[in-house]
Amino acid sequence: MEFNEALRRTLGGHWRLLVLLVVLPMVVVTAVGLSGSSTYVSKARVQASATLPTTDVQANAMLSRVRAVVTSGSVVNAALRKADITDRSASAVAHRTKVSRLGGSAVFTVKVTDRDPRTAEKLAGALSEELVAFFNGSGNLLTTELLDRQAALQDKRVRVAGQLPDADSAAESGRLTAQLGALDQQLLDVQAALRGAQADGLADRTASLLSSAGDAVAVPPLTGVDLALAGAIGLVAGLLTVTLLEVFRPHVAGRYAFGRELEAPVLGRLSAAPRGAHGSVDRPTVDDGTVVALRRAAARAQSETIVLTGPGPQSQLAVLAEVLQGRMGAVTADPPAQVPATDVHNGRYADGNGAGGRVRTLTREQVRQAVAAPSAFVAPGPASTVRVRALHQVDDSDCTRPALVAVEPELPPYAELRRVQNLMATTGWPLIGILGDGSRGFPARTRPERA
């Protein structure tokens, strides 16, 4: 199967389902967004340190630390007490608090979202102030702890080094030497952590509030990004769904693929006339090219009875058989009298020196007429004796040299392909061609027909 056939089976055969699965999530997201209560956001800008990060790694580390501090329980509870807000939980406020970095600097924007604009402003202001206080005060506990740890390790190293000269055995001397090595490694680790903290600006106490919380603004209930994400999710779900459908109920990718599987040519494509009154059955229209191809295919197979089969209802196949029977008898017509003919003798125009054949010379107007009505210029001959029957109309008494013609929709199921193959194997009738059914009156089905 070619790639374009796979696309036709998945997209062309299930486009209504795909459209539904893409539009439905967008409608749901729109309904949820419009039905929800309005929310407001307030912003405050904080400088965590006057020391600029020198690398992206340092900038990302500082962002992670600011985000962790501003959403921590102790900071949020302190902000709630400071703002005198008692009807909000710390976890809910932390969930609605977002932090973003301004470029690669140490400046951060703290955003708080709430359904009440005044509450959002109070929380944004209190959180930004608590954040600055943490960096300039208790936020340096890490540096203090590292310095205390370094001093303790140094004191312990001095004591161990003083015991080394008094060691009374080689084993004791080795143990003290190993202990000194471990203390030196711990000191190096603490000093590296201290340098990293100082490089991240955690010990310079230069945090400041650049701008206090501004007026809360309404948050749009729905954005284009939300709709695009909903549509993308629906598209992925739709593609997975139609792929599963094609796995369990596969289709043939069009009449040409159907004919290729059965090694039969495509004779043409039918189109339906407008539906009549009171829901009468459509009478499909058949062009002259299809009729000529059908006659030649029957003549080549030396068939006298064309049997129509397909997934369409029996009434539609009977109507199509009637239409084709009438058209095949009407194609053979005498050439129009107005077409002039000129005698030629041995390749030259007639001059009375012998017998010769006859050829036609057509003007431009006559050529246009021939293109518009090709049946008018078919060579004269006897009326067609080929009978056209639907499969359920076939009777052994009038079924002489039968041949099958499959009338198939645009995307017939593989079950229909197997049905036609079984019909050919059971009856021994050859399949001389495929007629594409482009009308709406032929719903696909796979139930067997009576011969």
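**View 1. Helix 3 packed against helix 6.** Axes here are lines fitted to C-alpha atoms, for helices over the stretch in contact, and angles run from 0 to 180 degrees between N-to-C directions. On those terms, in this predicted model, helix 3 (residues 56–70) packs on helix 6 (residues 117–136) at an angle of about 120 degrees. Their axes sit 10 Å apart, and the crossing of helix 3 and helix 6 is right-handed. Look for Arg65, Val66, Val69 and Val70 on the helix 3 side, where they meet Leu127, Leu131, Phe134 and Phe135 of helix 6. Sorted by class, this contact has 7 nonpolar residues, 1 charged one and no polar ones.

**View 2. Helix 2 packed against helix 9.** Here helix 2 (residues 15–35) and helix 9 (residues 224–248) meet at an angle of about 150 degrees. The distance between these two axes is 7 Å, and this crossing is right-handed. From helix 2, the residues that take part are Leu17, Leu18, Leu21, Val22, Pro25, Met26, Val29 and Thr30. Their partners in helix 9 include Asp226, Ala230, Gly231, Gly234, Gly238, Thr241 and Leu245. Split by class, the contact of helix 2 with helix 9 comes to 14 nonpolar, 5 polar and 1 charged residues.

View 3. Strand 2 (residues 97–101) runs antiparallel to strand 3 (residues 107–114), and the pair is held to 5 bridges in the count.

View 4. Val307 belongs to strand 8 (residues 305–309). Is this residue buried or exposed? Its relative accessible area is 0%, so Val307 counts as buried, the cut-off being under 20%. Setting aside neighbours within four places in sequence, Val307 touches Arg389, Ala390, Leu391 and Val394, along with Pro402, Ala403, Leu404, Val405 and Trp429. Take Ala403 from that list: Val307 and Ala403 are 96 residues apart in sequence, yet their C-alpha atoms are 5.9 Å apart.

**View 5. Asp84 in its loop.** Asp84 sits in the loop between helix 4 (73–83) and helix 5 (90–95). It isn't a glycine, but its phi is positive, at about 55 degrees. The relative accessible area of Asp84 is 64%; that is over 50%, so this residue counts as exposed.

**View 6. Glu263 in its loop.** Glu263 is in the loop between helix 10 (255–262) and strand 6 (266–272). Again we have a residue that isn't a glycine, with a positive phi of about 55 degrees. Glu263 is exposed because its relative accessibility, 74%, is over 50%.

**View 7. The whole chain, for orientation.** Stepping back, the chain has 14 helices and 14 strands. Of its 451 residues, 35% are buried. The chain exposes about 25,000 Å², with carbon and sulfur atoms supplying 57% of that area. How many of the contacts between residues at least 6 apart in sequence join residues at least 24 apart? The share is 79%.

Technical notes. Residues numbered from 1 in each chain as written. Predicted model: local features only at pLDDT ≥ 70, side-chain atom pairs only at ≥ 80, totals over all residues. Heavy atoms only, no water. Helix = DSSP H or I, 4+ residues; strand = E, 2+ residues; numbered from the N terminus. Buried < 20%, exposed > 50% of the residue type's maximum accessible area, 1.4 Å probe, protein only. Contact = heavy atoms within 4.5 Å. Areas by Shrake-Rupley, 256 points an atom, 1.4 Å probe, with all protein chains shown as cover. Left-handed = near helix turned anticlockwise from the far one by under 90°. Nonpolar A, V, L, I, M, F, W, Y, C, P; charged D, E, K, R; others polar. Pairing = 2+ DSSP bridges.
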